[in-house]
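Please view the sequence and the structure before reading on.

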Amino acid sequence: MNWLQTIRMAFKSIANNKVRSFLTMLGIIIGVGSVIALVASIQGMATLSRLQFEAQGSNQIRISGSNLKGSDWDALEKTFDKELKNRIKGWSPQSRYYDWQSKGVQYRGKVLSDNKYHTNIYFGNKNYSMVTNMTISSGRDISSLDIKYSSRVCIIGDALRRYFFGAMSPIGQKIYIGGKSFEIIGSYKAKYGGRLNSDDQMILLPYTLQSSMMDVRSAGDRNYYVQTNTKEDIQPTVDFINQLMKPRVGENGYFDCSSNAQYQEQLETSSNQMALLGGGVAAISLLVGGIGIMNIMLVSVTERTREIGIRMAIGARRRDIIGQFLIESAAVSCCGGLIGIALGCFGSATIGNLLIGQIIRSSSGWMPDVEQFTVLPSMPLILGAFLFSALLGIIFGLYPANKAAKLQPVDALRTQ
């Protein structure tokens, strides 16, 4: 008997017992569907985190410190321009202006007060937009001349543009910060949905204005953003900066240099562990489904003992009997696997999108908005689930198939 005929007989046997075959598949369907839905949803959340980190800035390093000498910070800036110039694209300070008098930001008679909405006011250089992945939507960026002459100019975030100007162009208008007027030279594209109390409610000023606007006692507290040329340059750059600056930190000082890539790797590791745990729990139902297949195949062997005896009597070999029952159990398992894959794709798209939507809503204001995407299982996950279900059918079908093949033709023919 050829294998094609054996396969036809296996599927004919499944078709003759549709309800029983479906109930046998049910454990495999639930197991495969659960594994795919859980793992794909966790992978979708990991993808969302990666996209959000990339939106903050690719190959980005953040530096912060307090109670360091001005000469220490000067040494760091010289290092950016000399020792590290072949590894980095650019760097920028990101010191913050604190409105202690709570005057807020003013445009004509309209005020956006910190009592209700907090405006983030930063000091940066000409590279600030590049290293923070901000995009100018209208106007221009801060220039070297603005830095050199400490020009009273600023770039505003999309939330401020909407609040003060609506559909009107803000370019050339003047706003007041701490009682001093600043000309708006540019506006940033929304990165956080243009919401108030997010980092779209920001203002960028030339960093050379910091000493004239803030108390000199805060000069020892600084923040920097650095963008490296490639991802491979991140860790060597972080190590070099830490080796340079950490020995300079005094007893009451603080210094930290880290990158988004480190946090992203930690999140990916955590997501992989969660995916393994979730997949392991869901795989238990696959084992239950495999036991169900073995049980129903044993029943099938008992019901078809006379048929087995007739086949042996007319020349069927032991391997033909084993092959027939193995193919039948594998077919049941594969059919269940295919249905489970379809349900898993639907479940991952539904559950994953709900989770991602909830994460985006809860993180609004401190993580950039990213385009909503449909969570679907990866091809390796689909193939792995299908092959595992097929393997499960073969493993749990071995004992019934072997039992059928060991029957003696005379004893089997005597069975009524």
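Predicted model: local features only at pLDDT ≥ 70, side-chain atom pairs only at ≥ 80, totals over all residues.

Residues are numbered from 1 along each chain as its sequence is written, and side-chain values use heavy atoms, without hydrogens and water.

**Helix H9 with helix H12**
- The axes of H9 (residues 260-303) and H12 (residues 379-405) come within 9 Å and cross at roughly 30 degrees (axes are lines fitted to C-alpha atoms over the stretch in contact, with angles from 0 to 180 degrees between N-to-C directions; helices are DSSP runs of H or I with at least four residues, and strands are E runs of at least two, numbered from the N terminus).
- H9 and H12 are therefore roughly parallel to each other (under 35 degrees; over 145 is roughly antiparallel, 65 to 115 roughly perpendicular and the rest oblique).
- Residues in the contact (heavy atoms within 4.5 Å) include Leu286, Gly290 and Met294 of H9 and Phe388, Phe396 and Lys403 of H12.
- The contact residues of H9 with H12 comprise 14 nonpolar, 2 polar and 1 charged (Ala, Val, Leu, Ile, Met, Phe, Trp, Tyr, Cys and Pro are nonpolar, Asp, Glu, Lys and Arg charged, and the others, Gly among them, polar).

**Helix H2 with helix H12**
- The axes of H2 and H12 come within 11 Å and cross at roughly 155 degrees.
- H2 and H12 are therefore roughly antiparallel to each other.
- Among the residues making this contact are Ile28, Val32 and Gln43 of H2 and Leu381, Ser389 and Leu392 of H12.

**Pocket and cavity**
- The largest pocket holds about 620 Å³ of space (on a 1 Å grid over the protein atoms alone, a pocket is an open set of points with protein on both sides within 12 Å along at least five of seven lines; in a cavity a 1.4 Å probe fits but cannot get out; lining residues have an atom within 4 Å of a point; points join across faces, edges and corners, and volume is the space filled by probe spheres set on them).
- Of the 30 residues lining the largest pocket, Gln56, Arg62, Gln94, Asp199 and Tyr225 lie nearest its centre.
- The structure holds 1 cavity of 30 Å³ or more, and the largest cavity contains about 110 Å³ of space.
- Residues lining the largest cavity include Ser13, Arg20, Met297 and Glu328.
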